[in-house]
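The sequence and structure come next.

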Amino acid sequence: MAQLDKAKMIVDKDFRIADIDERIYGSFIEHLGRAVYGGIYEPDHPSANENGFRMDVIELVKQLNVPIVRYPGGNMVSAYNWEDGVGPKEERPRRLELAWRTIENNHVGTNEFAQWTKEANSEVMMAVNLGTRGIDAARNLLEYCNHPEGTYYSDLRIKHGYREPHKIKTWCLGNEMDGPWQIGHKTADEYGRLAVETAKAMRLVDPSIELVSCGSSGIQMPTFPEWEAKTLDHTYEYVDFVSLHQYYGNQDNDSANYLAKTMDMDHFIKTVISTCDYIQAKKRSKKKIHLSFDEWNVWYHSKDHDTKLDPWTIAPPQLEDHYNFEDALLVGSMLITLLKHADRVKMACMAQLVNVIAPIMAEQGGSWKQTIFYPYMHASAFGRGVSLQPVVSSPLHDTKDYTDVPYLDSAVVYNEEKEEVTIFALNRHLSESLPLTADVRSFADYSLVEHMVLENDDLKAVNSLNEEKVKPHGNGSAELKDGIIEAQLSKASWNVIRLAK
Ligand code: AHR
């Protein structure tokens, strides 16, 4: 086969998409499987601190530098009574958790999670139950969390040992309420009415909060994008964000098609933006709604296994996808897609963080990094600043579901404060390296710092506690001369090319 045509890129510090909101590097902890119990919280584990939090897990969360973590669900929140999870632990009820058909002992609740996020250098994105409950439970929870003192719920928090309010800024108005699997599933009009009235009450309790209106639980939903249009028609003036959720998988074992799935994610984002702007026009509003892509990841490896689990156990091993190398490539491409839309996507949560479809796994013997940990860590570390719009040309290919897929997928971030530039680049070609020329003359005094590469001959290679087969190295081929970078991007590889002054 002839060598692939060159990919070319012109990077200029004045071609700006937008400032990146660091909250696009958020994540998610749901009361599901071993995310909480046996994940972030395991009082009997040797690495647990006095609060029962596993410090080996916190250490890895800190490496990811996760600015915000969505909680407590997910599907679980749609039947959750937040009151079950506060107060003396011995008095907390054991409940049937209906979304995942487990037993919830409520040993961790709002206060413990707020404490955990502090210890993990993060903050809470709180979801309220708009499935089985509504305005009253939401406003009471907000009063409990954010009101300083002198009212029933704020004083209850103080009585429970939390003198200072948690000051939670970001609140999700329910979860995936378009999904028929949701406890308390609603039509768009039913949800829109409930969400706007809940939003109004919550803003009266604390006008400083930001609110997320539920969007579709995936682009494949038959009600998409009518759901967004109808619900935003109700909520538009009272919310700041609309949510997007999307998971991908390589069920057909067609890796070229799998790595092209971010074409679909890009289309999803663009359609939601258009729908928001249509409602803006309809309402003659000055306000722009931002996007909170608050569930995204690969999820498919564990699905068969999970159908065989017995119901009504505590913290069973649900949704424990064991990620391979090609999953890490797709995750890199999903991060690139978020960066390309930094002007409208202002929050995003990799779903989830520990054990459950997660970059971090916690076992008795220790915690370890899944393959997808690395692109997430790179983007979170070097993807802060301004998202630039490179002018890119790349050879193209077609896959089963997508046409004109560029072999090169890329995003560029300029950190003005640190005087650093980072090119994130994926070569989607499965068997050929891709030559890249990047014109960075606009960054005249900059030099090459490093070219990190995540590559592996085996697309199906996985990591484990004992063996890390998939991890980045710093021996990429990039060279910088007279403002031009020349690099060979290895077949099927994730690349991070860093420049600094
Ligand atoms: O993240 C796992 C589940 O996926 C969440 O509970 C739900 O919101 C989504 O369907």
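## A buried serine

S394 has a relative accessible area of 16% and is therefore buried (buried is under 20% relative accessible area, exposed over 50%, partly exposed in between, with a 1.4 Å probe and protein chains only). The model is predicted, so local features need pLDDT of at least 70 and side-chain atom pairs count only at pLDDT 80 or more, while totals for chains, interfaces and linings use all residues. Residues are numbered from 1 along each chain as its sequence is written, and side-chain values use heavy atoms, with hydrogens and water left out.

S394 belongs to the loop between β16 (391-393) and β17 (396-397); strands (E, at least two residues) and helices (H or I, at least four) are DSSP runs, numbered from the N terminus. Leaving aside residues up to four places away in sequence, S394 touches A7, P406, Y407 and L408, where contact means heavy atoms within 4.5 Å. The side chain of S394 reaches the backbone nitrogen of Y407 at 3.3 Å, and a polar atom of that side chain lies 3.1 Å from the backbone nitrogen of L408. Polar contacts are pairs of N or O atoms within 3.5 Å; within protein, one must be able to donate a hydrogen and the other to accept it, and residues adjacent in sequence count only if both atoms are side-chain atoms.

## The ligand and its surroundings

The ligand is surrounded by 13 residues, the closest being E30, N75, E176, Y247 and E295; a residue is near a molecule if one of its heavy atoms lies within 4 Å of it.

For E176, an N or O atom in the side chain is 2.7 Å from a ligand oxygen atom. Of the 280 Å² of accessible area that the ligand has on its own, the protein covers 96% (Shrake-Rupley method, 1.4 Å probe; for residues, only the protein chains shown count as cover).

## Cis peptide bonds

Q352 is joined to A351 by a cis peptide bond, with omega about 0 degrees, and lies in the loop between β12 (345-351) and β13 (360-363). A cis peptide bond also joins G73 and G74, with omega about 15 degrees. G74 is in the loop between β4 (69-71) and β5 (95-97).

## Positive phi angles

N121 is not a glycine, yet its phi is positive, about 55 degrees. N121 is in the loop between α2 (110-119) and β7 (124-128) and is exposed, with a relative accessible area of 54%.

K167, also a residue other than glycine, has a positive phi near 50 degrees. K167 lies in the loop between α4 (152-159) and β8 (170-173) and counts as exposed at 64% relative accessibility.
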